[in-house]
Amino acid sequence: GQDRAALEPRINGCTSLIDSGQGKPAVLATAYNNRGNAYAAQGDYDRAIRDFDQSIKLNPTSSKPFNNRGVAHLKKGEYDLAIKALDEAIKLNPDYGGAFANRAGIYLKKSEYDRAALDYDEAIRLQPNLEAVWNGRCWTRAILGALQAALEDCNKALQLKPNDVATYDSRGLV
């Protein structure tokens, strides 16, 4: 899956490896995780979650399938399950900026703006080049009334991704 091949060949390749029964647990865990990502990209979140669950069973110390399961639950609108999975990803890897960013997005959807702001702060501290976190924090800060800080975040987001319509929308809100 590293070369971002088309989804069906990725699914078929992972399935072949899984069905062969020849892989070590860590390899099979990766195959389940990668196939889950492909299913999620197709919008088949239930299958994706089942694969992330299998990946976690085979390698319960890997934070990636927890993060991915959280995103799949988010896409299904299952916010509490998503937060639970992301909490576990962060517990396993406290430096996982993407997991903080994903959890912040859920808190934003739940209108828990203070919590979203804290997670965006942490995501930015850990991975300042993640494009979406700057716009997410801009939007959150705008809602919280911190307009100058929000504007600065929107401008930073536009430096990273100059033609992002969502960021222009956020800046318009500010």
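Modeller: A polar contact is a pair of N or O atoms within 3.5 Å; within protein, one must be able to donate a hydrogen and the other to accept it, and residues adjacent in sequence count only if both atoms are side-chain atoms. Here the side chains of S170 and N135 are joined by a polar contact of 2.6 Å. This is a predicted model, in which local features need pLDDT of at least 70 and side-chain atom pairs count only at pLDDT 80 or more, while totals for chains, interfaces and linings use all residues. Residues are numbered from 1 along each chain as its sequence is written, and side-chain values use heavy atoms, with hydrogens and water left out.

Biologist: Is S170 buried or exposed?

Modeller: Buried means under 20% relative accessible area, exposed over 50%, and partly exposed in between (1.4 Å probe, protein chains only). S170 counts as buried because its relative accessibility is 3%.

Biologist: Where is the place of S170, and which residues does S170 touch?

Modeller: Helices are DSSP runs (H or I, at least four residues), numbered from the N terminus. S170 is in helix 10. With contact meaning heavy atoms within 4.5 Å, S170 touches N135, C138, W139 and C154, residues up to four places away in sequence not being counted.

Biologist: How is the largest pocket to be read, and by how many residues is it lined?

Modeller: On a 1 Å grid over the protein atoms alone, a pocket is an open set of points where a 1.4 Å probe fits, with protein on both sides within 12 Å along at least five of seven lines; lining residues have an atom within 4 Å of a point. The largest pocket is lined by 22 residues, of which Y120, A132, V133, N135 and G136 lie nearest its centre. Helix 8 gives the most to this lining, with six residues.

Biologist: Which residues have the most contacts inside the largest nonpolar core?

Modeller: A nonpolar core is a set of buried Ala, Val, Leu, Ile, Met, Phe, Trp, Tyr and Cys residues joined through side-chain atoms within 4.5 Å. The largest has 23 residues, and A99, I106, Y120 and V133 have the most contacts inside it. Helix 6 gives the most to this core, with seven residues. Apart from it lies another core, of seven residues, including I11, Y39, I49 and A72.

Biologist: How many helices are there in the chain?

Modeller: The chain has ten helices and zero strands. Of its 174 residues, 41% are buried. Its C-alpha trace spans about 55 × 30 × 25 Å along its principal axes.

Methods
Helix = DSSP H or I, 4+ residues; strand = E, 2+ residues; numbered from the N terminus.
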